[in-house]
Amino acid sequence: MTNSPGARFRAALAEENPLQIVGTINAYCALLAERAGFRSIYLSGAGVANASFGLPDLGMTSMTDVVQDIERITSVCDIPLVVDSDTGWGHALCIARTVKSFIAAGAAALHIEDQQAAKRCGHRPNKAMVSAEEMVDRIHAAVDARTDDSFVIMARTDGLAGEGLEAAIERCQKYVEAGADMIFAEAITDAEQYMKFTGSLPVPVLANMTEFGESPLLDLDHLRDVGVQLVLYPLSAFRAMSLAADTMYKAIRKDGTQREVVGQMQTRNDLYEVLNYLSYEQQIDSILKKATS
């Protein structure tokens, strides 16, 4: 499929180095990211759990929950969407269903991780890993299930925290041999470790620049220098939005009015511009005019 979401994602990676991938927790955020010029966007499993369900990122949401958010985003935005598939939600047949469902919903790529099914946030302690062999089976299931060869299967390893750098790299080498198109090395603690990953693997490596975690927040030039080809900002906008909402709610409750914080809001006109509101309104007017003529 020459113009499939997966093909567009691969083209974006070929044209932008490193490729910035920004988290969008809903369809409106995807529109804002598109206006800002990003070439790829991301749907975080933690974002689905936190924002859509008010739950912690502990594997409590389902594949169907994630697919619903994928469909909402891809229905309004053509930027290739990378999606967090946690551990794939089950055995090989479940993983195959996940891949096919993500492709049908319009996703460009997914990443699947090597934690046990009762997973934790990648920047929390006490993560429990499956064997490299079991993760290889997950990757085989994902690769074999593709209905579009351009759809990207990215393997994420959480092995660094519990097993060390060399073991984590050895895992990733096996994942690439199994067919993983790219590697997501989670909870890296310094730039030298990224260089070890990129120097040991023949596929693109993603750096997760999530805030308040184990990884330093490195800039693009630094990451480019150590060979990183994809840079993820999974929940930056969501964290900023959450702080803004918390500030707004407290101000309104305290002051009995929003007058003092109106300057911190997006205007109605700006909202309408993002949504292309006037064109929809004109279509309604045209329909009504025809109905009454």
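Reader: I'd like to start with one residue. Where does Ser215 sit?

Author: You'll find Ser215 in the loop between strand 7 (205-208) and helix 10 (220-225). Keep in mind as we go that this is a predicted model.

Reader: How do I read its accessibility: is Ser215 buried or exposed?

Author: The general idea is that a residue under 20% relative accessible area is called buried. Ser215 has 6% relative accessibility, so it counts as buried.

Reader: And which residues does Ser215 touch?

Author: Setting aside residues up to four places away in sequence, Ser215 touches His123, Ala187, Ile188, Tyr194, Asn208, Met209 and Thr210. With Ile188 there's a detail to look at: a polar atom of the Ser215 side chain lies 2.7 Å from the backbone oxygen of Ile188.

Reader: What about the peptide bonds: what kind joins Asn17 and Pro18?

Author: A cis one, with omega about -10 degrees. Pro18 belongs to the loop between helix 1 (5-15) and strand 1 (19-23).

Reader: Now salt bridges. How many does a search of the whole structure find?

Author: It finds 20. To read one, look for a side-chain nitrogen of Lys or Arg within 4 Å of a carboxyl oxygen of Asp or Glu. Take Asp114 and Arg171, whose closest N and O atoms are 3.5 Å apart. Asp114 is in the loop between strand 4 (109-113) and helix 6, while Arg171 is in helix 8 (residues 165-177), so this pair ties together parts 57 residues apart in sequence.

Reader: Are Asp114 and Arg171 buried or exposed?

Author: Both of them are buried. Another bridge to look at is Glu133 with Lys174, at 3.8 Å from N to O. That pair also links distant parts of the chain, with Glu133 in helix 6 and Lys174 in helix 8, 41 residues apart. Lys174 has 37% relative accessibility, so it counts as partly exposed.

Reader: How should I read a salt bridge inside one helix?

Author: Start with the geometry: an α-helix has 3.6 residues a turn, so residues three or four places apart point the same way. Then look at Glu134 and Arg138, which form a salt bridge with the closest N and O atoms 3.8 Å apart. They're 4 residues apart in helix 6, so about one helical turn separates them. Glu134 is partly exposed at 39% relative accessible area, whereas Arg138 is buried at 7%.

Reader: Let's go inside. How many residues does the largest nonpolar core have?

Author: It has 61, and those with the most contacts inside it are Ile41, Ile70, Phe102, Tyr175, Ile183, Tyr194 and Phe197. Helix 6 (residues 132-145) gives the largest share of this core, 7 residues. Apart from that core lies another, of 16 residues, among them Phe9, Ala12, Tyr42 and Ala108.

Reader: What is Phe102 in contact with?

Author: Leaving aside neighbours within four places in sequence, its contacts include Met63, Val66, Ile70, Trp89, Leu110 and Phe151.

Reader: How do I read a helix that packs inside? Which residues of helix 3 are buried?

Author: In helix 3 (residues 45-53), they include Gly45, Ala46, Gly47, Val48 and Ala49. The buried residues of this helix pack against strand 2 (40-43), helix 4 (63-74) and strand 3 (81-84). At the start of helix 3, a side-chain oxygen of Ser44 comes to within 3.0 Å of the backbone nitrogen of Ala46. After the helix comes Gly54, with a positive phi near 65 degrees.

Reader: And on the surface, which residues form a nonpolar patch?

Author: Leu275, Tyr277 and Leu278 do, with about 260 Å² of accessible area together. Leu278 is in helix 13 (residues 277-292).

Terms used: Residues numbered from 1 in each chain as written. Predicted model: local features only at pLDDT ≥ 70, side-chain atom pairs only at ≥ 80, totals over all residues. Heavy atoms only, no water. Patch = residues over 30% accessible without salt bridge, like charges linked within 9 Å, V, L, I, M, F, W, Y side chains within 5 Å. Areas by Shrake-Rupley, 256 points an atom, 1.4 Å probe, with all protein chains shown as cover. Helix = DSSP H or I, 4+ residues; strand = E, 2+ residues; numbered from the N terminus. Core = buried A, V, L, I, M, F, W, Y, C linked by side-chain atoms within 4.5 Å. Buried < 20%, exposed > 50% of the residue type's maximum accessible area, 1.4 Å probe, protein only. Contact = heavy atoms within 4.5 Å. Polar contact = N/O pair within 3.5 Å; in protein donor to acceptor, adjacent residues only side chain to side chain.
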